Amino acid sequence: MDNEKKGPTSFSKGLLQSEELYQYVLETNVYPREPEPLKELRGITATHPWAVMATAPDAGQLISMLLKLIDAKRTIEVGVFTGYSLLLTALTIPQDGKIIAVDMNREAYEIGLPVIRKAGVESKIDFIESEALPVLDNLLANPGNENSFDFDFIDADKINYRNYHERLMKLLKVGGIVVYDNTLWGGSVAMSEECTPEVRKEGRQSTLEFNKLLAADHRVEISLAPLGDGITICRRMH
């Protein structure tokens, strides 16, 4: 197996029944189509102690297709890390597209910044080092931002997903899409409280509550795809 192609992704990032099956998906469908800048950034991120935080490449492939299907131009990303999904979005949206990217850790973002610059897409990115809620509230303070975003990707602070969602429903256009990452929380959503590892317990409870909220939210149609650590795709209907 080509370790350079494999990059930071391991079975811990997927929920299929075997590591071999997950690698089959990656090597036959994902890696052959992965743009070179993303491949390079994935390799760089592999050396980071928190490499598992990176967006799974199979999930990224679906996100790229969703962006194209809705002709996304104006997007929000909460949780950037080294920027794999951010670079993917910047490569996909048109030249005059714009991404508001929010993360509390600029240091991690700067790991991927040289690759983003080399790819020629830095001008599409407005990186804001901050907690997300103040940024979203600031956007909503301008009425012109309501119903103006095409796509949002949320991969941070799982406890606040509920709060993000309410704000994003105002910022997102009707027909727009928001994708929430880690909605299966390492498979712990299907475990009993007693069997859940201590480190996952708080996130598990928040994820269970959030998944229940989305299932009852008639403003969106939803699909929970078992890619990476689970991504829930929400399309705003009204």
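**A mixed sheet and its helices**

Leu224 has Thr232 of strand β7 as its bridge partner. Helices (H or I, at least four residues) and strands (E, at least two) are DSSP runs, numbered from the N terminus. The model is predicted: local features need pLDDT of at least 70, side-chain atom pairs count only at pLDDT 80 or more, and totals for chains, interfaces and linings use all residues. Residues are numbered from 1 along each chain as its sequence is written, and side-chain values use heavy atoms, with hydrogens and water left out.

Stay with β7. Glu221 also has a bridge partner there, Arg235. Strands β6 and β7 (residues 231-236) pair in the antiparallel sense over six bridges. Two strands pair if DSSP finds at least two bridges between them. Five residues separate the strands of this hairpin, and Gly228 takes a positive phi near 55°.

Now step back to the whole sheet. It is open, and seven strands form it in the order β3-β2-β1-β4-β5-β7-β6. The pairing is mixed. Strands of a sheet pair through backbone hydrogen bonds, either parallel or antiparallel. Which strands stand at the edges? They are β3 (125-129) and β6 (220-225). Each has a single partner strand, so one side of each is left without a neighbour in the sheet. From one strand to the next, the twist averages 15°.

Helix α7 (residues 132-140) lies across part of this sheet. Axes are lines fitted to C-alpha atoms, for helices over the stretch in contact, and angles run from 0 to 180 degrees between N-to-C directions.

Next, the helix pairs. Helix α3 (residues 36-45) packs with helix α6 (residues 106-118) at an angle of about 165°, with their axes 10 Å apart. The two are therefore roughly antiparallel. Angles under 35 degrees count as roughly parallel, over 145 as roughly antiparallel, 65 to 115 as roughly perpendicular and the rest as oblique. From α3, the contact (heavy atoms within 4.5 Å) uses Pro37, Glu40, Leu41 and Ile44. From α6 come Ile111, Gly112, Val115 and Lys118. By class, that contact has five nonpolar, one polar and two charged residues. Ala, Val, Leu, Ile, Met, Phe, Trp, Tyr, Cys and Pro count as nonpolar, Asp, Glu, Lys and Arg as charged, and the others, Gly among them, as polar.

Helix α3 also meets helix α5 (residues 84-92). Their axes come within 10 Å and cross at roughly 170°. That makes α3 roughly antiparallel to α5. Pro37, Leu38, Leu41 and Arg42 of α3 meet Tyr84, Leu87, Leu88 and Leu91 of α5. Here the residues divide into seven nonpolar, no polar and one charged.

How do α4 and α5 run, parallel or antiparallel? The axes of helix α4 (residues 57-69) and α5 come within 10 Å and cross at roughly 30°. The two helices are therefore roughly parallel. On the α4 side, the contact includes Pro57, Gly60, Ile63 and Leu67. On the α5 side are Tyr84, Leu88, Thr89 and Thr92. This contact has five nonpolar, five polar and one charged residue.

Last, the aromatic rings. The structure holds five aromatic pairs. Rings of Phe, Tyr and Trp (its six-membered ring) pair if their centres lie within 6.5 Å; planes under 30 degrees apart count as stacked, over 60 as edge-to-face and the rest as tilted. Tyr161 and Tyr180 form a tilted pair, 5.3 Å centre to centre, with 45° between the planes. Tyr161 lies in helix α8 (residues 161-171) and Tyr180 in strand β5 (residues 172-181), so the pair ties together parts that are 19 residues apart in sequence.
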